[in-house]
Each structure stands twice: as C-alpha cells, then as structure tokens.
Protein chains: 4
Amino acid sequence: MNFDPDPLCPFRRRRKEARPSELLDAALELFVEKGFASTRSEEVARRAGVSKGTLYLYFPSKEELLKAVIQRFLADPIASSAQEADTADGPTPEVMENLLSDWWMRIYDSPASGVFKLIISEARNFPDIAQFYAEQVIVPGTALCVRLLHRGIERGEFRAIDIDAAAHSILMPLVLLCVHKHSLEPCGISKSLGLDPEGFIRAHLRLILQGLLVRSAPAGAAA
Amino acid sequence: MNFDPDPLCPFRRRRKEARPSELLDAALELFVEKGFASTRSEEVARRAGVSKGTLYLYFPSKEELLKAVIQRFLADPIASSAQEADTADGPTPEVMENLLSDWWMRIYDSPASGVFKLIISEARNFPDIAQFYAEQVIVPGTALCVRLLHRGIERGEFRAIDIDAAAHSILMPLVLLCVHKHSLEPCGISKSLGLDPEGFIRAHLRLILQGLLVRSAPAGAAA
Amino acid sequence: MNFDPDPLCPFRRRRKEARPSELLDAALELFVEKGFASTRSEEVARRAGVSKGTLYLYFPSKEELLKAVIQRFLADPIASSAQEADTADGPTPEVMENLLSDWWMRIYDSPASGVFKLIISEARNFPDIAQFYAEQVIVPGTALCVRLLHRGIERGEFRAIDIDAAAHSILMPLVLLCVHKHSLEPCGISKSLGLDPEGFIRAHLRLILQGLLVRSAPAGAAA
Amino acid sequence: MNFDPDPLCPFRRRRKEARPSELLDAALELFVEKGFASTRSEEVARRAGVSKGTLYLYFPSKEELLKAVIQRFLADPIASSAQEADTADGPTPEVMENLLSDWWMRIYDSPASGVFKLIISEARNFPDIAQFYAEQVIVPGTALCVRLLHRGIERGEFRAIDIDAAAHSILMPLVLLCVHKHSLEPCGISKSLGLDPEGFIRAHLRLILQGLLVRSAPAGAAA
DNA sequence: TATGAATGAGGTTTCATTCAT
DNA sequence: TATGAATGAAACCTCATTCAT
C-alpha cells in the first residue's frame, strides 16, 4: 500500500531527527507549567505537533520523558557554561559582579530556568532526578562559586568567611528567582517582588560584597 | 421544639472537631511529599485514620482541601509570628542575627515549612493560591524585613542600600532552605549543601551584615 | 443521662405515629420529582423533618420505602373511591360525564396522581410494583369503567362496542394527564397542551360519547 | 505539509463512524429499560461492544449521551414521518383510521417508542429535554392531528368539536400504549390490557369517530 | 427513639499505553 | 514511521446503610 520509494527524503529525515528535541521542548514547557502529574502525555505530543502514538516511538513512558527532559536541560546550559567562568581574570569582586550576573542571566533567560521549579516539585517522586540534579547542577554550580570565593580570599580581596555557606548565600536567591519566574510571576505576582531580575542580581551581589553595615568610620567601628 | 436527646455526646464531638485538623495535617504532609496531583484523596484519609468518605464529610473536594491546607498553614504560623519581631529592641544587627534566625527556624521546624514547596509546585495550577501566598506571606514577611532594614538605616547602623532588594537577598535563601528540606533532603542530598540549617542561617545573616570585602578602612579597623 | 420520666408524652406519641406518614409524603414527592434512583434517602428524611437514621427506623431500605409509597398512595384513594362510582344512578351518559370526571379530578388533584409517573418510571426495575399496580389500579379502574359501559349498553344507551378497548380509550388520556402534571408541566410545557385538566376531561368524555362524525343527517348517512 | 501515510484505513473509519450510532442504540435500550440514573455507563459501552473508555471518546459525559439519544430518536422517526400524513387523500374518517394507525404503529414498532417512557421519567431532571420533546414531538404530532380534524370539519365530515382537546383524546392513548410497551408489558402486564396494539388503535380511532351513543336519528340509520 | 458521623461499595470519568493499520 | 481508536486501571466522589451514643 505504501509506494514511497524514498522513505527518508531530506525533509523527513530532518523532521525525524528533530522530533525528540521538539518533544523535549514541549515536555519541559508543560511539565514546568502544570507539573508532571497534571500534564497529559497527549498534550505534550500535540504541542510538539505530533500524535500521541509518536511520543511513544521516542520515549518508552512518560516517566522516561521526564528524565530525558531533566538530562537535556540540565547538563548542557548550566554545567557547560560554568567552565568559562574559571577562565575569568581581573579583580575577583568585579568578576563576581559581572561574570556571575551574566552567567546567571543566561540561565534565567533560557528554558532551563524552569528546570529548577520542575526538580523542586518532582524530586521526591523521582529520587534519581534529585541525585542527578545534585551532581550536575548543585555540585558544579557551587564549585564555581567556591573557586571564586577561594580566589578572592587568597588574593586578600575577601574576608576569610565560611566559603560553603557564602556560596549558598550567593546562589540561592538566584535559584529562587528562576523558580519564581515559573511559579509566581505567571500568576501576576511579579509586582510583589518589585524587582527586575537583572537589577536584583546585581544589587544582590553588591550587597553580598559590601555587607549591610556602615563602612568602618574614620576611627575604628563596626562589629 | 426539639425533644431529641443530646445530639452529640462529648466523645463524638471531640472527634468531629478534631477531624478537620487531622485531615489537614495529613493532607499537608502528603501534598508536600508527593505533590497535589499525585496524592490520592484516599491516602490523605487513611493517613488521618479515617475512610475515604469521611474526608468528603469535611471538605467538598480535593481542591478545596488544598485551599484549606494553604489557609491553615499560612495564616497561622508565618504571618502571626511576624508581628512579634517588631517588638524587638536593641542594636539592629543583633536583632537581625538573633531574632530573624529564631523566627525563621520556628518556621523551618514547623510543618508549615512544606507550604513553600507546595505553593511553588501548585501556584500556576491554582492562581488564587499564589495570590493568597503573596498577600499572606510575601507581603508581611518582606515588610518585617524592610522595617528592620529601615530601622538600621535610620539609626545609622546600616548603609543606605536598596531596601527591597536587600530584603529579598536576606529572605530568599531562608525560603529555599525550607523548600530543600522537603524536596532534596528527603532524597539524601543534604550532604551536598553541607550545612545544618541553623548554622547556615546565622552564617548567612552575618555575611549579609558584614559583606565579603575586606574592610579597607583608612585607619585599621573591621573584624 | 436521660432523665425523661415520660418517654411517650402525647405530643411525642403523635409525632412518632405520624412519622411514617410524613416520610411517605416526602418520599412520594421526591420520587415523583426526581425519580427513585436520583433521590437520596437523606433528602427524603430532611423533607420529612427527621434525620437520616430515623428513616431507617421505619423502613428497612430505600427500596422498601418505595414499595410502601406505592402501597399507601395506590390502595387508598384510587381503589376505594372506585366503589362509590357504582352507586350512581340516572342516565349512563350523564353518570359518565359527571361522576367520571369528578372521580378522576379527585385523583388528579391528589398526590396520588404522581404515582402514575412513578410507576411508569420504575416498573421495570421493580416488577412486583408493576404487578401491584395492575391489580390495585388497572383492574379496578377499568372494571369501573367496564361496568358503566355495560350498563349503558344494556340500557340501550350505548352502541355495542368493544368494551375493553373503549375503557382504555376513556381512561388512558386521564392517566397521561396525571403523568404530564408531574413530568412536562413542571418544565413549563403546559402551554403546549393548551388545556386545563377539568375542561379537557369533560371535552374528552363528551367526544367519546358523541364521536367525531356528523350526526345522522335527516336522511340516512354515516359510515 | 502532511507526509503521513493514510491516517484512517477504511476498516477503522467504518468502525469509527458506526460507533456513535451503536452507542446510541445501546443507550436508548438501557435508559428505557432501567432508567437513566440506574444505567451504568459501562453497561452502555458493553452492550455496544466496546469498553468503558470508548464511550467517552464519543460522548463527553453520560448526560450528553442522554441528550444525544433524545435528539437521535426524536427528530428522525417521529417528526419526519409526520409530514407524509399530510399528503393523504380521500375521506377524512378513512384517512384517520388507516393512515393514523399505520403511522403510529411504525412508531410503536420502532425503538423510538421507548423515548416516550424515557422522557416522562427524565423530563424534570433535564428540563431542556422536555422542551425539546414539546417542540419536536408534541407540537408536530398534534399539528398533524389538528390538520386532519380541520379538514374533516371543513369538508362537513366532522362535527365542530374542540379541535385541540380532540387531538389529545386521539393521541394520548397512542402515546400511553408506547409507554406501556416499555414499562408494564415487560413485567407481564399486557394481559391486563387484554389488547394487541394494532387492534386497540383501530378500535380506539373508530370509537372516537363514531362515539358511544346510539345513533338517535329521526329516521333509522347508523352502523 | 433519634441522631449524624462513619463507612466502603460502586459509579463516573480520566489518561497512560498499546496496536492494527 | 506515524496515527488515533481502543483499552482498562485507577482516580475522584456519592450515597445507602450502620451504629455508638
């Protein structure tokens, strides 16, 4: 019944090879938007422009699709971009303020920002996802930050604080910013936060650098 | 007109009055643990020690149960405790370090800490919950923090920084700490953070107060 | 705990004895209104002014309640009143027009009229109800009608038609009138019928008596 | 733009197009037999030879299925066949006796006869069904009858009786005959009626035409 | 006798997954 | 490869019935 002599013309091949990616894009969007359990697999397929059955040609189950989504949107943009931060040069405070904010804004603006919300929501139902997240994001992300703090301390730019705690003080608001982008903001709660992300990130880093306390007055002061 | 014998013996009454609370406790646990959509209503009932039907005697639907959970665990422990913080006295840095960490540890230790994860996960599916959270938690929580910052600036203790941004720099890690308690930690990822919550909160607040930079005062000073 | 020295004061006794009747009234109303399956037993209890449990003190199940409803509203008003019709005297056409329409209007105006709808709806689910209806209503009702027709024929007032068929021609519209009262009319369809019941019944009987055809013309005619 | 192979083979298409009809047939049978509320949707599916889920592929809910049943079995066989009756010719009494009894026997013998019982039972629960019935059946059905009566009167064949009332005297027993076919008869009560439908219909129409009264013509006449 | 909290079987509906074409 | 009709397990919710008080 099928006379098609060329079952893989260039066009179809391109479509075919793009399918998994289109499905992953659609799945990320929907999983972040509605949660994993509340997203129907048919909806993912439809948003990717294919039918329900086709989804199952590429992913054996909805759960495997979730894992593929995490894999795809975690490994690439976060871990890879972390490396370039190490090549930075110059005074560490400037590196932190500029490079860190640029680095995170790329994450914030990318679809990967939704992965944070997704993982928070689904971690307990899929513990190996949590494990994967810890290894692929938390470890390299904090390591990047820790290296910067180390450098600053060694260079005499930073005080000798608790490096691990400081890394989290620095990064956690950035993570929550991504989370809010996909949870509260779509509900119109951005006003409550009152902050544009870029502005907040820079203000945040500057506050971490300088602290709240009034700078040592002419004569000795400060706690 | 009513000749019936006492319609509710003490025992029955006590059970009846306790039921909603027991159901809400069970529901919070499970909604936080597995997510709203993945929690079967019968499971909530069973954890509260009653049968499926009994749940529907007290809440007309699973969705209304969710709303009641949010209402119960948001209004009471978070918003109310925020008031006492205002009565504090003494140097603002100390108030921040002591009172703020105590205040938040009470939240962290209470079952209400799970509400943060729950709201992040469900906000987009139930936008009025997001609204409620903004009004009941974000607004009073940041207002408390903003008042403290104000006081510090007016007293000359704090630099004149962007108060709103600073409030978020202070609070967001505390929120994410609660979120992690219910998402990553149960998966055994607490080691990655490498920090006990109380220690981190104090270190975090001290970092915010003092900043990273070495005190470069004209004459030697600074801690 | 119960000090009541007189557990059956006159008032309570009266209530108690009235209970089954009140429950049957409420049950008839609701079964006719919503159908047996769609009526919740609690609703019956509430409309009778008692609680759910009390219903089960008087009737062992919802199904037995239905049977009691049928028994109560079938035996009494229909079968009993049929007897008096036999005592009538005078020209049979007048008896039919007057007595029959009075008799049926009493049925139509009584709550028993709803029983017709109820039985039509539930007969197949409860075949012994159908049997009971046939014995208690159809048989005596048609018998009454048959006797009247007999009398008219014997007296030379009526033509010698098929008596059984004629009885049904006479009675069926009266039955359907009762059915419509409880099915279409509450939906505002009375206008479509365009007839007040009393007027229709008299017109109907007169038509049956006189027929449609033009009365035998001066010279012989008619089919 | 669509390179997919034929999306619906003939076999699948035929099944798909037949499904709704098969489901409606099964639904009518069961709704008439057991009532709407007492019919489980799975039972409808099974009688149509499909599974529970398939039913919901074609009808969004049990209630919509009911409405589709009414629509299907009302518009087609009753209203449409009413038109042909108007094309009749010849003496009106004969038209009434022959055509009307044929017309109604077709209704009686078709599955649509059950719709009368169904509507009587469910009208109050679904008022728009009652409305639909009034518009689609009562109005055209009585209009057909009214036209016949009109013609008879204008031609001098019929006396000038109350046309609307007469139409109901004619039609109501026919309707109740259909109702009984699906309520009492399956319970074995046909004997009480003692009449085969066709015989009764003809006897009924003849009685309506001729009346009960003996022809008291000046000169001898009458059948 | 009367209550109404509690139960759980059973009904409606959804949706991940399969498979014939 | 791609489709979408079909399935049936499982979820939500209802309600007849029980029973401790």
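Me: At what angle do helix α5 (residues 92–109) of chain A and helix α7 (residues 127–154) of chain A pack?
Reply: This is a predicted model, in which local features need pLDDT of at least 70 and side-chain atom pairs count only at pLDDT 80 or more, while totals for chains, interfaces and linings use all residues. Residues are numbered from 1 along each chain as its sequence is written, and side-chain values use heavy atoms, without hydrogens and water. With helices taken as DSSP runs of H or I of at least four residues, and axes as lines fitted to C-alpha atoms over the stretch in contact, with angles from 0 to 180 degrees between N-to-C directions, the two axes lie 10 Å apart at an angle of about 165°.

Me: Which residues of α7(A) make the contact with α5(A)?
Reply: Contact means heavy atoms within 4.5 Å. From α5(A) come T92(A), V95(A), M96(A), L100(A) and W103(A), and they meet, on α7(A), G141(A), L144(A), L148(A), L149(A), R151(A) and G152(A).

Me: How many disulfides are there over all chains?
Reply: A disulfide is a pair of cysteine sulfur atoms within 2.5 Å. The sulfur of C145(D) has its closest cysteine sulfur in C178(D), 14 Å away, which is too far for a bond. Over all chains the count is 0.

Me: Is C145(A) buried or exposed?
Reply: With a 1.4 Å probe and protein chains only, buried means under 20% relative accessible area, exposed over 50%, and partly exposed in between. Because its relative accessibility is 1%, C145(A) counts as buried.

Conventions. Chains are lettered from A and ligands numbered from 1 in the order in which they are written. Helices (H or I, at least four residues) and strands (E, at least two) are DSSP runs, numbered from the N terminus.
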